[in-house]
Protein chains: 2
Amino acid sequence: MTLAAKESRDQLSERRRDCILDAARTVFSRKDYAATAVEDIAEQARIAKGTLYLYFRSKEDIYLAALARDVRELAVQARREMERAGTLRRKLRAFFRARLEYSKKHEDFLRIYLAEYGSMFVKSPLRKELCNLSRENMRYIATVVEEAARRGEIRRVPSGATAALIFDVARGLLERRLLGWKEFQTRNEIEFAVDLICSGIERSPAAPKRKGALKRK
Amino acid sequence: MTLAAKESRDQLSERRRDCILDAARTVFSRKDYAATAVEDIAEQARIAKGTLYLYFRSKEDIYLAALARDVRELAVQARREMERAGTLRRKLRAFFRARLEYSKKHEDFLRIYLAEYGSMFVKSPLRKELCNLSRENMRYIATVVEEAARRGEIRRVPSGATAALIFDVARGLLERRLLGWKEFQTRNEIEFAVDLICSGIERSPAAPKRKGALKRK
DNA sequence: GAGAATATTGACTGACCAGTCAGTCAGTGT
DNA sequence: ACACTGACTGACTGGTCAGTCAATATTCTC
């Protein structure tokens, strides 16, 4: 086969892989991992089951690849928006909004992501990768918090715990949106959460009622 | 059969049910719902598979019963501790600590609970019950927040959103403990979270940088 | 357009498992 | 001592599904 032909093959192959991942995202968001048959993915992608195994080694392989692709993409977008913002407050708002926007566009992904995050606690196996991605993302937020502290924008806080808290709150927001609990208006919730967090860690701390329990990290 | 004998039978039966639920909690926390065979539960409970079906209608029935039992028990304990505390700050601390204590004692339960919470987003079916329990618990926290606002202990905040945020943070804390991320010391994290939340909603609000986005609920 | 190279297909296989039910037997009442 | 009851058992059934591979289709090269 000529070089040109080979390249076009490779591209096609790449696109095919992406199609499969799109299909996987769709079907895995409808039923959980176990309830989804490999045939369902194939059908959604309009190819035969056997073909899937030309591009991926196993069902789990497909699942993880689909998930990781979106997790990475989301992190990239959130980071880009945050870097553009100046203050911590703006950065936080950007973080929350980026997550909201991405989850609006890829609700399927969000469903799988939330399910997977939960199941980290009952399956030991190789959700390691996902777990590490999460930590990496959290690490970045921690850095942002540390910088804000260095600039004197906020008081000194344990940056890891703060970052974790920010993640927790953001996740809750998206969950409630997904559940359609109508008393929660996501946009208002974002403003409220950002305000609360910023007030909670701003310059002059509310005199803590207790002595030393708050060690720095 | 005499009356006395019948009663002792009923008690025995009740105890047997509880044993099965204990066994279920153990095995469902090791592998996820789908990966767990009904035989595994039976084996753990040291009874035959058929016997399970004398006490429960299906695998799902066992699963939900086991989960609901603990969710309810946890809510009761948390509530009791909170009612004993005076200020919002103390109530929050009690809430976080109750969850921590219960989760320490019943780590198995926590694992299942987290997994189930996540899978609410990919399975429509009757996880309704769990979902409603959650909302009920959240509603209670919202009430506590409202009372604190009425007492003037904190500023006026959207109580639903605040309660939700508190839940999110508490969950995150327990997750990190379970994952054994050693840079997170749960006790310190609790103090930090309580402080942050209380500072964030205390009497004199940090002048919000933006106008009307913060509608009351 | 022949024929090689590569890609796709879907029927098939083996493993697994929820739920059933005919049979066992310990304990109860007479 | 014996009949009876109902809790318990575990082999069995029907169905599902991940992954395979021989057969078929498509694309490429000359």
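## Two helices crossing in chain B

A helix axis here is a line fitted to C-alpha atoms, over the stretch in contact when two helices meet, and the angle between two axes runs from 0 to 180 degrees between their N-to-C directions. With that in hand, take a look at this predicted model. In chain B, helix H7 (residues 128-150) packs against H8(B) at an angle of about 120 degrees, and their axes are 8 Å apart. Angles of 65 to 115 degrees count as roughly perpendicular and those over 145 as roughly antiparallel, so H7(B) and H8(B) are oblique to each other. The crossing of H7(B) over H8(B) is right-handed.

Which residues in H7(B) meet H8(B)? They are B:Met138, B:Ile141, B:Ala142, B:Val145 and B:Glu146.

## A closer look at H8(B)

Now follow H8(B) from end to end. Is H8(B) largely enclosed or largely open? Of its 21 residues, 16 are buried, so the rest of the structure largely encloses H8(B). Just past the end of H8(B) you'll find B:Gly180, with a positive phi of about 65 degrees.

## H5 in both chains

Helix H5 (residues 88-105) of chain B passes the length check too: its 18 residues should span 26 Å at 1.5 Å a residue, and that agrees with end C-alpha atoms 26 Å apart. The buried residues of H5(B) include B:Leu92, B:Phe95, B:Phe96 and B:Tyr102, but also charged-class names such as B:Arg89, B:Lys91, B:Arg93 and B:Arg99. What covers the buried residues of H5(B)? The cover includes helix H4 (59-84), H6, H7, H8 and H9 of chain B.

Over in chain A, helix H5 (residues 88-105) packs with helix H8 (residues 159-179) at an angle of about 35 degrees, their axes 10 Å apart. The crossing of H5(A) and H8(A) is right-handed. On the H5(A) side, A:Leu92, A:Phe95, A:Phe96, A:Arg99, A:Leu100 and A:Ser103 make the contact, meeting A:Ile166, A:Ala170, A:Leu173 and A:Leu174 in H8(A). By class, that contact comes to eight nonpolar, one polar and one charged residues.

## Where the chains touch

How many residues does the contact between the chains take from each one? It takes 51 residues from chain A and 51 residues from chain B. On the chain B side, helix H6 (107-119), helix H8 (159-179) and helix H9 (186-200) each supply at least two residues. That side of chain B divides into 26 nonpolar, eight polar and 17 charged residues.

Most residues other than glycine have a negative phi. Even so, A:Arg46 has a positive phi of about 60 degrees. You can find A:Arg46 in the loop between helix H2 (38-45) and helix H3 (49-55) of chain A. Is A:Arg46 buried or exposed? With 9 other C-beta atoms within 10 Å, A:Arg46 is exposed, because 12 or fewer is the cut-off for that label.

Chain B has its own case. Phi of B:Arg46 is positive, near 60 degrees, and B:Arg46 lies in the loop between helix H2 (38-45) and helix H3 (49-55) of chain B. B:Arg46 is exposed, having 9 other C-beta atoms within 10 Å.

Key: Residues are numbered from 1 along each chain as its sequence is written. Chains are lettered from A and ligands numbered from 1 in the order in which they are written. This is a predicted model: local features need pLDDT of at least 70, side-chain atom pairs count only at pLDDT 80 or more; totals for chains, interfaces and linings use all residues. Two residues are in contact if their C-beta atoms, placed from the backbone, lie within 7 Å. Helices (H or I, at least four residues) and strands (E, at least two) are DSSP runs, numbered from the N terminus. A residue is buried if 20 or more other C-beta atoms lie within 10 Å of its own, exposed if 12 or fewer, and partly exposed in between; C-beta atoms are placed from the backbone. Angles under 35 degrees count as roughly parallel, over 145 as roughly antiparallel, 65 to 115 as roughly perpendicular and the rest as oblique. A crossing is left-handed if the near helix is turned anticlockwise from the far one by less than a right angle, and right-handed if clockwise. The expected span of a helix is 1.5 Å times one less than its number of residues.
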